[in-house]
Amino acid sequence: MESRSHWRAFALPGVVWLCLFVLVPAYAVLAMAMGRVNFLLQPVPAWNPFGWNPGYVSKAFSGALPGGEYWPAVRNTLVYVSVALALCFAVGYPVAYYVARHARRTKGLLIMLLVIPFWVSYLLRMLAWIGLLSSDGYVNQLLQTVGITHPPNWLNGNPYSVILALVYGYIPYFILPVFAGIDRIDRSQIEAARDLGATPWEAFLRVTLPLSRPSIIAGAALVVLPMFGDYYTNDLISASPHTNMLGNEINLFVQGGPQVNLGASLVLVLMAILAVGMAYYVYVTARDARRFA
Amino acid sequence: MTVTGIGARELATPAAPAGPEPVRRRRLLPAVLRNPWGRPRFLVLTTWVYIAWALLPVGIAMLFSFNSGRSRSVWQGFSLRWWWTDPSFSVFHDPDYTHALVHSLELAALDMLIATPLGVLLALGLARWRGRGSGAANGLMLVPLVTPEIVMAVSLLVVFTQLAIVPFALIHLGTGAQVVGQVTFSLSYVVVIVRSRLASIGPEYEEAARDLGATPIAALRLVLLPLLLPAILASMLIVFALSIDDFVVTQYMSSNASTTTIPMFLYANARGGTTTPALNALATILVVTTLIGIGVAYLIYTALGRRASTGEVSALRDLSGLETA
């Protein structure tokens, strides 16, 4: 085929761009994590692998273990993300299921209403809750009318507010793929299960739920990945080091001054945690692909 | 659909099938009283409560841009003070606000103009190029979609502050680095949207053109590009929306106050006790701009793309780039 080379030429500018601004920066983080500070205390990356200094990386990884300096942030990240993911599932799955399977005339409208938050700026959505949860905001006014005169302090180091904000911020990314997954399930398979004597509940548990599992996992990946790198939700809703997540520590060290080596090492910790999750994701999707092939 | 059980709407509509109708109707009230949390009812309730919860806070925040007082949490009456009538602190008069607005639009325009052509070429190349390196290029394209943004932001920051070789030495923190960062993550979205459209068009039209004597380039220009046009226009608008909403990469790539964007401004001032509802007005402008862009993208995609039979759901899926993520 004479055309083969021109297709490669088409891809070339984009591939070069990605190499320059994805691959090289990825190596730069590694070099920075393995780097040093110079005599002016400025961080300097070690570009040559033979000159690597593993000190910061080992400090970051040992600090991320239980009892270490960064363990509270790692623990907060793991707890907040798992609780937020569970809530995303508990709220998001019924919504996605209803819109995909039961909504008829309202389906178009509901899809639109589910898509809107997707495109409303994340920071505006946080801003909205800052207004509602502030000490004279509507949430506390509501609590006062039902007789709770000393409502909690929502916006200063309250982990429940942070989890609520994470769910609020990321749940649209969970609902849409799950909706698309359930919507794609062939109804005749569920009818077959019913014809063979399954109760509605059994048909749901043994047909719909397993068939929507790939989309649940995709949705979970879509919310978990950004949550792990999140620092702005915490900064806006809590603004207290008690609820720091891993993203806050990274942001602090990288943007806060001369500790960039440590910040880059914590990025490696983050990627290591995500790599475990990714390996599970790849394993599960490969298994599902075999099972449903 | 027997799984449904007795749905609220089926009971309410008189046009339901005639057979079991009388029985059902007699059971209506007791059924509700016996089990108000029966499955469909519970689902309807959950869905609408969720939608109210998802949208009302945003609506309230937008409403507060019309507050007549300085508070962003207590309503003090309606005014256009923070939009226009206050001569120094309204969103269109305070230079800090207008600057952030203008800079956001600038970045979005640049991102759109660079990422769209680059992404379209990459999508065409990746879809057709079979050979050494194509698998790796495909994988590389997906990396920005599956990496937390802070990782990309930190790595780009290290490159632009530490690497003194061309091309990195030519790009400085500020507008240049912000555009590079935004293009890098927008690129993948363009590729995903254009490729899913390419897949739904199929190779037949292009092959027909080739059989009729067109060169590969002529077939591309005369046949494929017109068919891809809705996807290209839609991805342009999506890039615009992604750029204008982006916070993390844009913040890390910024240099000083002159490169502040709307999301950065929201982040810096959202908790400030002295911040006025002009901030809510700024956020409202951001959201309305984004939603108009996305709405137009959706209309273009569904209206021009009807030939390749794209329904509501598949358009939604294509536009959100969810299939590959």
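Me: What is the handedness of the crossing where α12(B) passes α13(B)?

Reply: Left-handed. Keep in mind that this is a predicted model. The near helix is turned anticlockwise from the far one by less than a right angle, and that's what the label stands for.

Me: Why is α12(B) called roughly antiparallel to α13(B)?

Reply: Look at the angle: helix α12 (residues 262-269) of chain B and helix α13 (residues 278-304) of chain B pack at about 150°, their axes 10 Å apart. The cut-off for roughly antiparallel is over 145 degrees, so α12(B) counts as roughly antiparallel to α13(B).

Me: Which residues meet there, and how do they divide by class?

Reply: From α12(B) you have B:Ile262, B:Phe265, B:Leu266 and B:Asn269; facing them in α13(B) are B:Leu279, B:Leu282, B:Ala283 and B:Leu286. That contact divides into seven nonpolar, one polar and no charged residues.

Me: Is the crossing of α3(A) and α9(A) left-handed or right-handed?

Reply: Right-handed; here the turn is clockwise.

Me: What residues make up the contact of α3(A) with α9(A)?

Reply: A:Thr77, A:Val81, A:Ala84, A:Leu85 and A:Cys88 in α3(A) meet A:Ala220, A:Val223, A:Val224, A:Met227 and A:Phe228 in α9(A). By class, that's nine nonpolar, one polar and no charged.

Terms used. Residues numbered from 1 in each chain as written. Chains lettered and ligands numbered in written order. Predicted model: local features only at pLDDT ≥ 70, side-chain atom pairs only at ≥ 80, totals over all residues. Axes fitted to C-alpha atoms, helices over the stretch in contact; angles between N-to-C directions. Helix = DSSP H or I, 4+ residues; strand = E, 2+ residues; numbered from the N terminus. Parallel < 35°, antiparallel > 145°, perpendicular 65-115°, else oblique. Contact = placed C-beta atoms within 7 Å. Nonpolar A, V, L, I, M, F, W, Y, C, P; charged D, E, K, R; others polar.
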